Amino acid sequence: MPTSSASASTTDSTKSSSGGVQSLERAFDLLERMADAGGEVGLSELSASSGLPLPTIHRLMRTLVVCGYVRQQPNRRYALGPRLIRLGESASRLLGTWARPYLARLVEETGETANMALLDGDEIVYVAQVPSKHSMRMFTEVGRRVLPHSTGVGKALLAGFPADEVRALLARTGMPAATEKTITTPEGFLTALEDVRRLGYAIDDNEQEIGVRCLAVSVPNSPTAAAISISGPAGRVTETATDRIVPVLQQVAAELSEALATSGANG
């Protein structure tokens, strides 16, 4: 298909070599650009960021509007549509399924229960778990929702957010104390996030449940904000154990990230 610019031509040539359908690739690229821009954009913004001509973008957006994946606002800008929600919910559930072999490896190498959690709105939702083989072990129901300020996975996920966004989230959710060790002030939580960025992992030290410690890391470049963790009795997840477990967590997170990035490359 001819294009109107050299940059677009180069992109199209690269895409056509994959054997894919160019219009579909362009449409999904536009949806991802809309998501990166906060969910609402104008045609000129999409044209500037994608390098595609306005008439092409207009045709693609019109099709996405008809299908319900995009809606046109009264101000003529375009927003992500409600039909994407169902797709996202289904994909989130599958993400936990894809992660299970990696969580199983965490259990084998650390001996503790392994979890995967996503940030869904202002809450943390657990989407997968593989339990420890120890008789005394931690159990979190898949589908359980918790507030991020009292969890290791919450800290791992929010460490990548700007401070003002974190403050706004905490203002919406509040910071109720689950135990006497729960962080209950925005300043204290932001300090904890600085520690996460410095150390490369997050700790829940008896903050969600007394007697339980959790170590967590985010999954780099995940298609949705995700983190993996191990949790166990504080008597087993000690400082010495932390030094051994954290590199395993980081390695598994990196491998899961790579698997998610390449899962559709050879389809």
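Reader: In which strand does V127 lie?

Author: The model is a predicted one. Within it, V127 belongs to the strand that covers residues 123-130. That strand is β5.

Reader: Is V127 buried or exposed?

Author: The relative accessible area of V127 is 16%. A residue counts as buried under 20%, so V127, at 16%, is classed as buried.

Reader: How far apart in space are V127 and G143, C-alpha to C-alpha?

Author: Along the sequence, V127 and G143 are 16 residues apart. In space, the separation from C-alpha to C-alpha is 5.8 Å.

Reader: How many helices and strands are there in the protein, and what share of its residues count as buried?

Author: The protein has 9 helices and 9 strands. Its chain holds 267 residues. Of these, the share that count as buried is 42%.

Reader: What percentage of the accessible surface belongs to carbon and sulfur atoms?

Author: The accessible surface of the protein comes to about 14000 Å². The part that belongs to carbon and sulfur atoms is 54%.

Reader: Why is strand β9 described as largely enclosed by the rest of the structure?

Author: Strand β9 spans residues 226-233. It is largely enclosed because its buried residues number 8 of the 8.

Reader: Which residue of β9 is the bridge partner of A114?

Author: Strand β4, residues 113-120, is joined to β9 by 6 bridges, and the two run antiparallel. In β9, the bridge partner of A114 is I230.

Reader: Which residue of β9 stands opposite V217?

Author: Strand β8, residues 212-218, also runs antiparallel to β9, with 7 bridges between them. Opposite V217, the residue in β9 is I228.

Reader: Where is N221, and is it buried or exposed?

Author: N221 is placed in the loop between β8 and β9. It has a positive phi of about 55 degrees although it is not a glycine. Exposed means over 50% relative accessible area, so N221, at 75%, counts as exposed.

Reader: Which residue of β8 stands opposite A202?

Author: β7 and β8 run antiparallel and are joined by 4 bridges. They form a hairpin with 6 residues between the strands, in which N206 takes a positive phi near 65 degrees. The residue of β8 opposite A202 is A216.

Reader: What is the order of the strands in the open sheet of 3 strands?

Author: The pairing in this sheet is antiparallel, and the order is β1-β3-β2. The strands at the edges, each with a single partner strand and so with one side left without a neighbour in the sheet, are β1 (40-41) and β2 (70-72).

Reader: Which residue of β3 is the bridge partner of V41?

Author: β1 pairs with β3, residues 78-80, in the antiparallel sense over 2 bridges. In β3, the bridge partner of V41 is Y78.

Reader: Where is R76, and is it buried or exposed?

Author: R76 has its place in the loop between β2 and β3. Its phi is near 75 degrees, a positive value in a residue other than glycine. With a relative accessible area of 58%, R76 is exposed.

Reader: At about what angle does helix α2 run to β3?

Author: Helix α2 comprises residues 22-36 and lies across β1, β2 and β3. Its direction relative to β3 makes an angle of about 90 degrees.

Reader: How far does α2 reach from its first C-alpha to its last?

Author: α2 has 15 residues, and at 1.5 Å a residue the expected reach is 21 Å. The reach in the model is close to this, at 21 Å.

Reader: Is C214 buried or exposed?

Author: The relative accessible area of C214 is 9%. C67, by comparison, counts as partly exposed at 32%. At its 9%, C214 is buried.

Note on methods. Residues are numbered from 1 along each chain as its sequence is written. This is a predicted model: local features need pLDDT of at least 70, side-chain atom pairs count only at pLDDT 80 or more; totals for chains, interfaces and linings use all residues. Side-chain values use heavy atoms; hydrogens and water are left out. Buried means under 20% relative accessible area, exposed over 50%, partly exposed in between (1.4 Å probe, protein chains only). Two strands pair if DSSP finds at least two bridges between them. Accessible areas come from the Shrake-Rupley method with a 1.4 Å probe; for residues, only the protein chains shown count as cover. Contact means heavy atoms within 4.5 Å. Axes are lines fitted to C-alpha atoms, for helices over the stretch in contact, and angles run from 0 to 180 degrees between N-to-C directions. The expected span of a helix is 1.5 Å times one less than its number of residues.
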